[in-house]
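Hello,

Please open it first and then read on.

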Amino acid sequence: MTHVWAQASLWLGLALVATLLSIWLRIATALSEIVVGIVAQLVLGAVAGTMALGADESWIKFLAGTGAIVLTFLAGAELDPKVFRAKWKEATAVGLIAFFAPFFGCAAVARYALHWSSQSSWLCGIALSTTSVAVVYAVMLELGLNKTDFGKAILAACFINDLGTVIFLGLIFAPFTVRTLSFVVGCLVVFPLIFWLTPRFFRWYGNRPSELEAKYLLLLLFGMGALAAWADSEAVLPAYLIGMVLAGIVGKDHVLVRRLRTLTFGLLTPFYFIRAGALVSVPALMAAPLVFIALLAGKMGSKYVGVYPITRIFGYVKQEGLYTTMLMSTGLTFGTISALFGLNHKLITQAQYSHLVATVIASAVIPTIIANAFFLPRYLLPRRTDDRTPGEAAPAPEPVAVAK
Amino acid sequence: MFKSILVAYDASKASAHAFLAALDMAKQLHANLSVLSVAQLPEPAAMVESSAMLELAKEHYEKDFKRMRADAQSAGVTVETRVMVGHAAEQIVHYAAQCKADLIVMGHRGGSRVREWLLGSVSKRVLSYAPCSVLIVR
């Protein structure tokens, strides 16, 4: 066990460094963990050999995989069912356009400009199709749009967009055999059942020190994940769907969500994101920088084509629409999950994986930098007085807490 | 002269001094006092982490606000507290315009040059864009 403990301390040391960097630079922990993973693999690879970090050890794979599953579940559980029920038509329309435009656009760039195989190109389309709900939500809060009909519809649309990503990731590469059918039937039976059973079960046996809720949820996630993997699908697909199904139950229980977050951020996701970074080949990136530029241009261009017209239709003025469109081009977590799925299932090579992860990171960072440099504060400040015309109906930002 | 004073509070020592200075001014000038804290999310905002940070920020500031409200009450000053989300400077300037503040009071944190280069100085940005007078408390 000495080797395992030593390796665990190395990984948690890296996680600690990544967390400190994220605090000092005010960047997302996931982003900093991926970058630390890339640098650690590069340095340790040069000093102690490529296997020193041990990214392919089975226990690291298990913790990393569990991190992806639980994080995806928590992301699904953030859906507001009331908003979704009220706005499902608009949300579905916008979400599907925001998914399909970059999906086909990036797949076309990979296939016809970079001459990737058809499977690699589809995987590329999926990895770059995502929209970060968190980024859009943060923008909505800043602009005060989270309480408006438009804001609610866009937020729900982001869930649909990510749902599209997860469903395509889970099913597009599936062999469509009896196993696939069993998985779909299993989902159709289990989801309504847990929707009925979970609140009752928690009411009867929950709120005890034995953490029954966490065990129950992990059982569900692992069980459905196993079924998905047996059907050659992806475990994050049922995890996201379970999160959405239980959003009104688990999402409302702040204490439970907080306990799950402690488990996720404290132990699981560092393994996932550092591993995702460690598998990136920097030499492959350096050897073909144009690939990365082409993919990034494909992602941002296709998001622009898909999302910007919608923001205009919904009454955003030009700069507001551009700002939102750029920030909707980010998708760090699901982008990384999709790329890693492709690498694990040998749908893409390590060089292609490296280019995809680099594009995912750049698509998360560059729009934020551009938006901050060119749209803030010149964009926000003069316009956020009371001089809006009726067509520019974005209200003042809502405070998240007020007291007198 | 100053009838509506806004304090930008970020839980630092400097901003605590700024609050005390503003409270003293509000008491002498019979002015209304508002305290604004801004929860700045990491960039790019990542799923689950952002919601967690938002919750923590609300709880954290609410504890300090409780103490501030007690201080203000004993000084006979009306105080309104709120937490907003976004970039600190933009939200402070915007809220100052929204609540028609005559004066923004904020602390000077004196961050390192590297930090300032990477993140920008909130007080400099507020000074550049504020619609009213700004007092930086050291």
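How far apart are the end C-alpha atoms of helix 1 (residues 2-25) of chain A? They are 34 Å apart, which agrees with the 34 Å that its 24 residues should span at 1.5 Å a residue. The expected span is 1.5 Å times one less than the number of residues. Helices (H or I, at least four residues) and strands (E, at least two) are DSSP runs, numbered from the N terminus.

Before the rest, a word on conventions. This is a predicted model, in which local features need pLDDT of at least 70 and side-chain atom pairs count only at pLDDT 80 or more, while totals for chains, interfaces and linings use all residues. Residues are numbered from 1 along each chain as its sequence is written, chains are lettered from A and ligands numbered from 1 in the order in which they are written, and side-chain values use heavy atoms, with hydrogens and water left out.

Staying with helix 1 of chain A, its buried residues are Gln7(A), Ala8(A), Trp11(A), Leu14(A), Ala15(A), Ala18(A) and Ser22(A). Buried means under 20% relative accessible area, exposed over 50%, and partly exposed in between (1.4 Å probe, protein chains only). These buried residues pack against helix 2 (29-48), helix 3 (58-77) and helix 12 (254-278) of chain A. Just after helix 1, Arg26(A) has a positive phi of about 55 degrees.

Now for chain A as a whole. It has 18 helices and one strand, and 56% of its 404 residues count as buried. Among its contacts (heavy atoms within 4.5 Å) with a separation of 6 or more, 80% are between residues 24 or more positions apart. The accessible surface of chain A is about 17000 Å², and carbon and sulfur atoms make up 71% of that; such areas come from the Shrake-Rupley method with a 1.4 Å probe, and for residues only the protein chains shown count as cover.

Next, the salt bridges. A salt bridge here is a side-chain nitrogen of Lys or Arg within 4 Å of a carboxyl oxygen of Asp or Glu, and there are 10 of them over all chains. One joins Asp56(A) and Arg275(A), at 3.1 Å from N to O. This pair links distant parts of the chain, 219 residues apart: Asp56(A) lies in the loop between helix 2 and helix 3, and Arg275(A) in helix 12 of chain A. Asp56(A) is partly exposed at 49%, whereas Arg275(A) is buried at 4% relative accessibility.

In chain B, Arg67(B) and Asp64(B) form a salt bridge, with their closest N and O atoms 3.7 Å apart. Both sit in helix 2 (residues 49-75) of chain B, and because they are three residues apart, about one helical turn separates them. Glu90(B) and Arg125(B) also form a salt bridge, at 3.1 Å from N to O. Glu90(B) is in helix 3 (residues 88-98) and Arg125(B) in helix 5 (residues 122-129) of chain B, 35 residues apart. Glu90(B) is buried at 1% relative accessibility, while Arg125(B) is partly exposed at 31%. Salt bridges with shared partners also join Arg258(A), Arg261(A), Glu55(B) and Glu59(B) into one network.

Finally, the cysteines. The structure has zero disulfides over all chains, a disulfide being a pair of cysteine sulfur atoms within 2.5 Å. Cys99(B) is partly exposed at 23% relative accessibility, and Cys132(B) is buried at 17%.
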